Amino acid sequence: MASTSSLFSSFALFLVMVMVQRSSAQYPAMTLTVVNNCPFTVWPAVQPNSGHDVLERGGFALPTVTHRSFPAPTHHWSGRIWARTGCTYANGRFSCATGDCGGRLECGGLGGAAPATLAQITLHHGGQQDLTSYGVSLVDGFNVGMTVTPHEGKGRCPVVGCRENLLATCPDVLQLRAPAGGGQVVGCKSGCQAFGTDELCCRNMYNSPQTCRASSYSEFFKHACPATFTYAHDSPSLTHECAAPRELKVIFCH
């Protein structure tokens, strides 16, 4: 007869195995597609949240009117996708006018420089519901129009984002201009980036839903694109949860 201690050890090992299986649960196959409808090349970047996989090496070039599809992780994943614009390779260095990730083509998990329009995505959460959450943020400003569209999902799965070209209407105090090429507007900064105050950046005593408020600068973005986040504690109802979509499509200049 097995001893009590060996039975306990076997049971403990069984529990560990169950926990490992649950933590590495595999979900049905899903595709992420990035589409460039802009009349110029963009360099999409993908940054995972801490502890999550780097997808597609974190960045790549995408010529005008083309797309790139790749398998999404079959486990829980969260992160962000944005477009880098005005990228060049000169004097041995790669750099972008907007969204630059430390002068690298493949961002490898690095974040991008503001201003940039962001798609914020969380895949495979909610247990058996297999929810995908997504939203478009202008909290870090704007560089290109963007929408996010789930396909073949269940429940509430709207198209969200900002279709407007805000570079054409960006207030003078928020404009980011290219140093060359006539100084054209390449980005529209947030109030935080433009002025750096605690109030506009929702820092320190302003870092709560009660004290972090919309400003005239965030209202510029909100008026043009109401279905986007425009400041740090903007309405959480702007994040949508779609059950088990087969594909999630991020479209630039949609």
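A residue counts as exposed when its relative accessible area is over 50%, as buried when that area is under 20%, and as partly exposed in between. The exercises below apply this scale and others to a predicted model.

**Exercise 1. Backbone exceptions**

Task: Determine whether Asn91 is buried or exposed, and state what sets its phi angle apart.

Solution. 
1. Asn91 is located in the loop between strand 5 (88–90) and strand 6.
2. Its phi is positive, about 55 degrees, although Asn91 is not a glycine.
3. The relative accessibility of Asn91 is 85%, so the residue counts as exposed.

Task: Carry out the assignment for Glu56, whose relative accessibility is 27%.

Solution. 
1. The loop between strand 2 and strand 3 (66–71) holds Glu56.
2. Glu56 is a residue other than glycine with a positive phi, near 50 degrees.
3. Because its relative accessibility is 27%, Glu56 counts as partly exposed.

Task: Identify the geometry of the peptide bond from Ala114 to Pro115.

Solution. 
1. Omega for this bond is near 5 degrees, and the bond is cis.
2. Pro115 is placed in the loop between strand 6 (93–95) and strand 7.

**Exercise 2. Disulfides**

Task: State how many disulfides the structure holds, then describe the link between Cys38 and Cys253.

Solution. 
1. There are eight disulfides in the structure.
2. One joins Cys38 to Cys253, with an S to S distance of 1.9 Å; the cut-off for a disulfide is 2.5 Å between the sulfur atoms.
3. The link of Cys38 and Cys253 is right-handed, with 85 degrees about the S-S bond.
4. Distant parts of the chain are linked by this pair: Cys38 belongs to the loop between strand 1 and strand 2 (43–48), Cys253 to the segment after strand 14, and they are 215 residues apart.
5. Cys38 has a relative accessible area of 0% and is therefore buried.
6. Cys253, at 27%, is partly exposed.

Task: Locate the partners Cys162 and Cys225 and decide whether they are buried or exposed.

Solution. 
1. The sulfur atoms of Cys162 and Cys225 are 1.9 Å apart and form a disulfide.
2. Cys162 is in strand 10 (residues 160–162), whereas Cys225 is in the loop between helix 4 and strand 13 (240–243), 63 residues apart.
3. Both Cys162 and Cys225 are buried.

Task: Assign the handedness of the disulfide of Cys170 and Cys188.

Solution. 
1. The sulfur atoms of Cys170 and Cys188 are 2.1 Å apart in this disulfide.
2. The torsion about their S-S bond is about 85 degrees, so the disulfide is right-handed.
3. Cys170 lies in the loop between strand 10 and strand 11 (175–177) and Cys188 in strand 12, 18 residues apart.
4. Cys170 and Cys188 are both buried.

**Exercise 3. Pockets**

Task: Give the volume of the largest pocket and the classes of residue in its lining.

Solution. 
1. The largest pocket holds about 420 Å³ of space.
2. Its lining has 23 residues, and Thr85, Gly86, Ala97, Gln184 and Val186 are the closest to its centre.
3. Sorted by class, the lining has 12 nonpolar, nine polar and two charged residues.

Task: Characterise the second largest pocket by its volume, its lining and its residue classes.

Solution. 
1. The second largest pocket holds about 230 Å³ of space.
2. It is lined by 18 residues, with Val139, Ser190, Cys192, Leu200 and Cys201 nearest its centre.
3. The elements giving two or more residues to this lining are helix 2 (191–195), helix 3 (198–201) and helix 4 (216–224).
4. By class, the lining of the second largest pocket comprises 10 nonpolar, five polar and three charged residues.

Note on methods. Residues are numbered from 1 along each chain as its sequence is written. This is a predicted model: local features need pLDDT of at least 70, side-chain atom pairs count only at pLDDT 80 or more; totals for chains, interfaces and linings use all residues. Side-chain values use heavy atoms; hydrogens and water are left out. On a 1 Å grid over the protein atoms alone, a cavity is a set of points where a 1.4 Å probe fits but cannot get out, and a pocket is an open set with protein on both sides within 12 Å along at least five of seven lines; lining residues have an atom within 4 Å of a point. Grid points are joined across faces, edges and corners, and a volume is the space filled by probe spheres set on the points. Ala, Val, Leu, Ile, Met, Phe, Trp, Tyr, Cys and Pro count as nonpolar, Asp, Glu, Lys and Arg as charged, and the others, Gly among them, as polar. Helices (H or I, at least four residues) and strands (E, at least two) are DSSP runs, numbered from the N terminus. Buried means under 20% relative accessible area, exposed over 50%, partly exposed in between (1.4 Å probe, protein chains only).
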